[in-house]
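Subject: Structure for your review

Dear colleague,

Please find the structure below, handed over for your use. My notes on the findings follow it.

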Amino acid sequence: MGKLSEDLFSKATQLIPGGVNSPVRAFGSVSGKPVFIQSAHGARMVDVDNVTYIDYMMSWGPMILGHAHPFVIDAVKKVLARGTSYGAPSPLEVEMAEMICEAIPSVEMVRMVSSGTEAVMSAIRLARASTKRDRIVKFDGCYHGHSDSLLVRGGSGILTLGIPGTPGVPNDVVKDTLVAPFNDREALTNLLSEQGSTVACVIVEPVVGNSGVLPPDEGYLQFLRDITRQHGILLIFDEVMTGFRVAYGGAQELYDIRPDLTTLGKIIGGGFPVGAYGGSKEIMRLIAPSGPVYQAGTLSGNPVAMAAGLATLKVLRNQQTYSDLEEKSATLQSSFESLAEEYGIPLTVNRVGSMLTAFFTEGPVRNHQNAAASDTAMFKRFHQLMFEEGIYLPPSAFEALFLSLAHSTKDLSLTAEAAEKSMKIIAKEFELGPYR
Ligand code: PMP
């Protein structure tokens, strides 16, 4: 780590809790200290000490076109000159709503908010109001933002830091959050046969990204669709990460399932703070001012964020986006897999489109428990070694890597070279494969 990052981090820790504005940015579970970024273009980030990295975090998902994409930057510049927030409706909000509804048929009406957390929190409120029931069901290791009722047994930073939930959330709030294991039909069937009539919604990351990537077993999402219908429960797909990522129409397009409510974020903001939730007209009309369920936001539908998001969606819609991303991501997956095999390293790569996680375990990794059983010491070493080679992986064993349209063949081969060096060292240090 360079001197300027080192100095900034020591100053930051005096001024900002843990020195970071979101826990997942800390390097506590890997090499200790984060570097500070000065700029990013395409698939590269440059830190304040002028070290360049090939980025596989892509701001945790939003930067699917690559950093500072010219079409997005131009759109933002144009709108900036016309003012940055009005607190009154603007045309870009209508265009955004139209693009989202066109892309995702289960969403007939949509409300913009300013973060994924806010989107999910509001969707839950709406589900409770619509069903007149209080309980919610979430899955072990899924992360749905940091609102009180959803922090129970969460993924992402909660999982990385090894904490079950968080102080400051009243027991009265979490008593209505029921937790089920992901990809386990029997457990949910039993839970709902006892409590189904009191449950407002089942919320799921249709492809889990926040325990690392966990794809749904074949037929599992259809099972969720059927069982929720059977009990009069709303099914919420939290597509904050998967929306416009695993397919233009999100995981619901890829797996051909229509949830009742969908939450979005990340990509639809093109790198600006955004979230959205939507569903059928019937349900969405319950939201104020057309209905009684209150939800509001000073910066909701912010014109700068709308411009960046719209520009991003237009590029995604008009290019060979998803086949390109699939090809690049499959290349990265197979380099990791073949190197692991060569060096006798236990590795399971889970991937759906351009989100993937390499778990240091024999696998299969189907749920949070399997993920948690992977070798975090080996991951930590891999992360350190890759970082020294200029490859920026998310600093946790339980997060997804994201590829973008900007990752080039050269980037992928540089990454494979770095992975080869790193895995060779790991095999030696852990006495694996040829070094057993
Ligand atoms: N839902 C999911 C599936 C997420 O991955 C995240 C963030 N990683 C959120 C909700 C919360 O979004 P935000 O950080 O924008 O509040």
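Helices (H or I, at least four residues) and strands (E, at least two) are taken here as DSSP runs, numbered from the N terminus. In these terms, Phe244 belongs to the loop between strand 8 (234–238) and helix 9 (250–254). Please bear in mind throughout that this is a predicted model.

Most residues other than glycine have a negative phi, and most peptide bonds are trans. Some places in this model depart from that pattern, and they are set out here.

Phe244 is not a glycine, yet its phi is positive, near 60 degrees. Is Phe244 buried or exposed? With a relative accessible area of 0%, Phe244 is buried, because buried means under 20% relative accessible area.

Asp256, also not a glycine, has a positive phi of about 55 degrees. This residue sits in the loop between helix 9 and strand 9 (261–265). Asp256 has a relative accessibility of 66% and therefore counts as exposed, the cut-off for exposed being over 50%.

The bond from Ala288 to Pro289 is cis, with omega near 10 degrees. Pro289 is placed in the loop between helix 10 (281–284) and helix 11 (303–318). The bond from Gly363 to Pro364 is likewise cis, and its omega is near 0 degrees. Pro364 is found in the loop between strand 12 (355–359) and helix 13 (368–372).

Ligand surroundings

Which residues are around the ligand? They are Ser115, Gly116, Thr117, Tyr143, His144, Gly145, Glu205, Asn210, Asp238, Val240, Met241 and Lys266. Sorted by class, this shell holds 3 nonpolar, 6 polar and 3 charged residues.

Several members of the shell can be described through individual atom pairs. For Thr117, a polar side-chain atom is 2.6 Å from an oxygen atom of the ligand. For Lys266, a polar side-chain atom lies 2.9 Å from a nitrogen atom of the ligand. Tyr143 takes part through its backbone: one of its polar backbone atoms is 3.5 Å from a ligand nitrogen atom. On its own, the ligand has 390 Å² of accessible area, and the protein covers 81% of it.

Yours sincerely

Terms used:
Residues numbered from 1 in each chain as written. Predicted model: local features only at pLDDT ≥ 70, side-chain atom pairs only at ≥ 80, totals over all residues. Heavy atoms only, no water. Near = heavy atom within 4 Å. Polar contact = N/O pair within 3.5 Å; in protein donor to acceptor, adjacent residues only side chain to side chain. Areas by Shrake-Rupley, 256 points an atom, 1.4 Å probe, with all protein chains shown as cover. Nonpolar A, V, L, I, M, F, W, Y, C, P; charged D, E, K, R; others polar. Buried < 20%, exposed > 50% of the residue type's maximum accessible area, 1.4 Å probe, protein only.
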